[in-house]
Amino acid sequence: MTAGAGRQSSSHWGAFRARISGDDLAVTPHELDARPSPLLGNLSGAHNHPARVLQPMVRRGWLADGPGPSSARGQDEFVRVDWPDLTAILATELERVITEYGNAAIFGGSYGWGSAGRFHHPQSQVHRFLNTIGGFTRSVNTYSTGASSVILPHVLGQDVAAVHGLTSWSVLAEHTTMILAFGGLPVKNMQVAPGGITRHRSEAALRQLIDNGTSIVVVSPVRTDCPDGRGVRWCPINPGTDVAMMLALAWVLITSHLHDTEFLNTRCTGYGQLEAYILGHTDGVRKDPAWAEGITGVAAGDICSLATQMAANRTFVSVTWSLQRAEHGEQPPWAAIALAAVLGQIGTPGGGFGHGYGSMGDVGLPKVSGQLPTLPQGDNPVDAFIPVARISDMLLNPGAPFAYNGGTYRYPHTRLVYWCGGNPFHHHQDIGRLRRAMAAPDTVVVHEPYWTATARHADIVVPSATFLERSDLGASRGDPCLIAMRQVCDPPGDVRTDYETFSELADALDVGSFFSEGDSEHAWLRRLYETWRSRSSSDGVDLPSFDGFWSAGHVELPSAPNDQVMLYDFVQDPENAPLRTPSGRIELTSATVSSFGYDDCPGHPSWLPPAAGPTDAHPLTLLASQPAHRLHSQLDMGATSQSSKIHGREPLLMHPDDAVARGIAPGRVVLITSEQGSCLAGAVLSSDIKPGCVQLATGAWYDPLDPRDVDSPCRHGNVNTLTRDRGTSRLAQGCTGQLVSVEVRLYQERVPAVHAHRPPPWGARPPSL
C-alpha cells in the first residue's frame, strides 16, 4: 500500500491508514509518524478472527434459572438471541435491580482502554447511559497509578499533574547531566498513550538525552528496563526495595552536608521529622548505606558513590509507575520527592523529580491546550464508590467496611455488574479469587468485541463494534493532532456499536431522549467537534469547520510550550505561588496522613518491609511487567503478540543460574506457582535479569486447564493467576500486582494446547424467546 492510501484511523499505539481487500485488512503507519509502533502489526490478525463475538449471547443457565449468584460463569454454554430479545432482557433486569435494590446495586465497571476515539469511548458511553437511569456505583483511580494518585496530592497538592505537569523531555535533554531512574526508562512503554499517538516522540527525546552525554543510572532488577547507550549504567536491585536505597542516598547527602538546608527550610515542611527518621533518632535504625545493602543488594560503596555523583550534577530522580503497584506503593514516589528535595534541585531546569517517564508515551510531553472534544457523561447521583482495585472485595464482602484516604466506607451490595470496554481478567489480581467474586452478583453484563475471559464470565454478552467499524474523533492530551477516525469496514454479523445498543436500551427504558438527544453518531461527532472548535476560537485558536477537518483527516492541535519545568513557579516564589497543600509547601511529613493513624502508611516516607516475601516454597520474586508486543491484553491473537510466544504461551524471563538449578532449558514449558495459583509459560534464559527474579508480562488471555475449577492453572500464562489481591495500604487501596513470590519448575506432563482465542460453546435459541 502506498503512503496515504486507505482510510485514516487511530489507536492507543498510533495513527494509521487501513484498507479492506476481500476479507483481509491491510494496515500502514500514518505518514505523520516517523517512528510508528510495531503494535500496529496486531491489527490485521485480529480482523475477522474466530474470537469475535458476532451475535447477542445469553448464558444458558441464566436464561433457565433467572438472575442470581452462579458458579457456572466461565464454564456454561451460551445461547444466541435476537436484538429485540436482548434489549427486552436487559431493560427488564435493569428495572428489577433498580426497583428492588436501588441504583447503588449497579456497578458500572468499564475500566480500561477500550478505544482511542472520544465519542465511542466505552467508559463514557456506559457511564452516560447509567447516569440517565439514576446512577451507579463507580470506581475511583486507576490500576496504573492507584497509590500515586492518592499520595501525591497530600505531598504536592491537588493541582500538580502527575503526567502532563512534569518537566518536558526537551528541558531534560538541554540541562540534565544525570538521571537516577528507579524502575528504569523502559522504551517499550513509550509506544502507547490513552487517546492515541500520531507522532511517537518520547523515545527520540530519550535518545537525544543519551546522545548529549547524560549519565543515566537505571535502578531495576531487569536490564531491559535500560535504554541502550554508552552513558547508561545498570544498577541491579532486589525487587521492591527502592525506598531503602532512596533513604540511604539521602542519609549520605545529609551526613556529608551535601543537602540543601535553605530549600528544605523554605520550600518544604516536615523535614525535621524525616531527618530524625533517616538518621535513626526516632527508631534507633540508621538508614545508612550498610543498612540499605542488606535490604537492596546494592553495595554500600556504590550507594555512597551515587549520592556524591548526584550532588555534583544537575540530577533528575525518576520513578516509574511500576514501583507503586506493590505493597506500600505510596512510599516510592514520596521517598523520591524527599530525595530530590534533600538534593535541593526541585524546580530547576533539568533537576528534581519525575514520576512516570518510561511508563507511557505522553509522559514528559507538552499537553494540548484546552479541553478536548469528549462525550458528556452527565451527573451520577449515587455516592457509592470503591477504589478500582477492590472489585473482588466489593463483590465478596457486601456491606463490609473499608478504609480509604482517611475515611471509612462500606462496600455496596452489588446485584448487577455492567462492564463495557474493559477486561478485569487482565487488570485484576488473583484470578481464582476474582472468579469466586464474579459468581456473587445476580447478573453480569459485558459489551465486548471478542470472547475475552470477562465475556466468558458474563450472563449477557453484547457484541461491540471495534474502532475500525465506526467513525470517531481520535484525541489525546499529549498528542499534537486530532484524527478523523473514519470507519474502515462494516461490523460483522449482528454486531452494533455501543452507542446503538445504549440508544435502543434507553428508548426501552423511556430515557432515550436524555441519552441520545435524538442525534446519530455522525451528528454527535459534528456537535462535539464544533463545540470544541468554538471554545478554541474563544481562546484565539482558528480551526477548520467539521467538514474541512473530516475531509483533511486531521487537524494540528495547539499545545503548551515545550519548556515546562515541574514546580518552577512555586520554587521561584513560594509565598506568591504556594502549593495547594495544608502548608503551601512540599509535605515531606504530612500531618494529614499522619492523623489517619495508618501503620501501613505513616506520616513521612518510610521503609516498610512487605508482609509476604520469598519463602522456601516460593523462593523467586516474579515481576509482572507491561508487555512489549501488545497494549495490555488487547489483540493478543495478533501477529506481533503471537511472535513473542513460546510454544503458544507467554515467555518467562529467567536468569540462567536459576534455570540450571531447576533443570530448565531455553524454550521449555514451565509451571509457575504462587500461594494464589499457577500458570504455564515458556522459558527464556538471560543474564539481563537479577538472579532470584523472574519476569512475566501481563496480558496473556486467561485460559484455565479446567474451566470448572477456579484454581485451575492457566495454560497460556496469565500472570494474574499468581498475583496477590490486597491494597497498597489503607490510604490508597491501590493495585499490588507488580511483585509476587513464586517457584518455577519444568512442566513434566503433556503440554496442553492453548484455547484462549477460541469462542466458547453456544447453542440454539430457545423457543420460549
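Helices (H or I, at least four residues) and strands (E, at least two) are DSSP runs, numbered from the N terminus. The model is predicted, so to speak of a local feature we need pLDDT of at least 70, and side-chain atom pairs count only at pLDDT 80 or more, while totals for chains, interfaces and linings use all residues. Residues are numbered from 1 along each chain as its sequence is written, and side-chain values use heavy atoms, with hydrogens and water left out.

## Hairpins

Let us begin with strands that pair, which requires that DSSP finds at least two bridges between them.

|---|---|---|
| E1 (residues 7-11) and E2 (residues 14-21) | five | Ser10 and Ala15 |
| E2 and E3 (residues 24-29) | six | Ser21 and Asp24 |
| E15 and E16 (residues 407-410) | four | Ala403 and Thr408 |

E1 and E2 form a hairpin, with two residues between them. The hairpin of E2 and E3 has two residues between the strands as well, and there Gly22 takes a positive phi near 65 degrees. E15 and E16 also make a hairpin with two residues between them, where Asn405 in the turn has a positive phi of about 50 degrees.

## A sheet with a helix across it

Further along, three strands form an open sheet in the order E20-E21-E22, with antiparallel pairing. Strand E20 (472-474) and strand E22 (554-556) are at the edges with a single partner strand each, so one side of each has no neighbour in the sheet. From one strand to the next, the twist averages 15 degrees. Angles here run from 0 to 180 degrees between N-to-C directions, and axes are lines fitted to C-alpha atoms, for helices over the stretch in contact. E20 is joined to strand E21 (residues 481-485) by three bridges, and Leu473 has Ala484 in E21 as its bridge partner.

Contact means heavy atoms within 4.5 Å. Helix H20 (residues 521-538) lies across E20, E21 and E22, and runs at about 40 degrees to E20.

## A buried helix

How much of helix H5 is buried? A residue is buried under 20% relative accessible area, exposed over 50%, and partly exposed in between (1.4 Å probe, protein chains only). Eight of the nine residues of H5 (residues 148-156) are buried, so the helix is largely enclosed by the rest of the structure. Among them are Ser148, Pro153, His154 and Leu156. The buried residues of H5 pack against helix H13 (331-343), strand E13 (352-355), strand E15 (401-404), strand E23 (586-587) and helix H23 (591-595). After H5 comes Gly157, whose phi is positive, near 105 degrees.

## Nonpolar cores

A nonpolar core is a set of buried Ala, Val, Leu, Ile, Met, Phe, Trp, Tyr and Cys residues joined through side-chain atoms within 4.5 Å. The largest one has 174 residues, and Phe182, Ile586, Leu622 and Ile672 have the most contacts inside it. Helix H8 (residues 242-255) gives the largest share of this core, twelve residues. Apart from it lies another core, of 49 residues, including Leu130, Leu416, Leu509 and Phe549.

Which residues does Ile586 touch, leaving aside neighbours within four places in sequence? Its contacts include Val155, Leu156, Phe263, Ile337 and Phe570.

## Rings and charges

Rings of Phe, Tyr and Trp (its six-membered ring) pair if their centres lie within 6.5 Å; planes under 30 degrees apart count as stacked, over 60 as edge-to-face and the rest as tilted. The whole structure holds 26 aromatic pairs. One of them, Phe316 with Tyr357, is edge-to-face, at 5.3 Å centre to centre and 90 degrees between the planes. Phe316 lies in strand E12 (residues 315-319) and Tyr357 in the loop between E13 and strand E14 (385-387), so the pair ties together parts 41 residues apart in sequence. Both Phe316 and Tyr357 are buried.

The ring centres of Tyr529 and Phe549 are 4.7 Å apart with planes at 10 degrees, so this pair is stacked. Tyr529 belongs to helix H20 and Phe549 to helix H21 (residues 546-552), so the pair ties together parts that are 20 residues apart in sequence. Tyr529 and Phe549 are buried.

A charge sits over a ring if NZ of Lys or CZ of Arg is within 6 Å of the ring centre and within 35 degrees of the ring normal. The charged end of Arg52 sits over the ring of Tyr450, 5.4 Å from its centre, and that of Lys287 over the ring of Tyr277, 3.9 Å from its centre.
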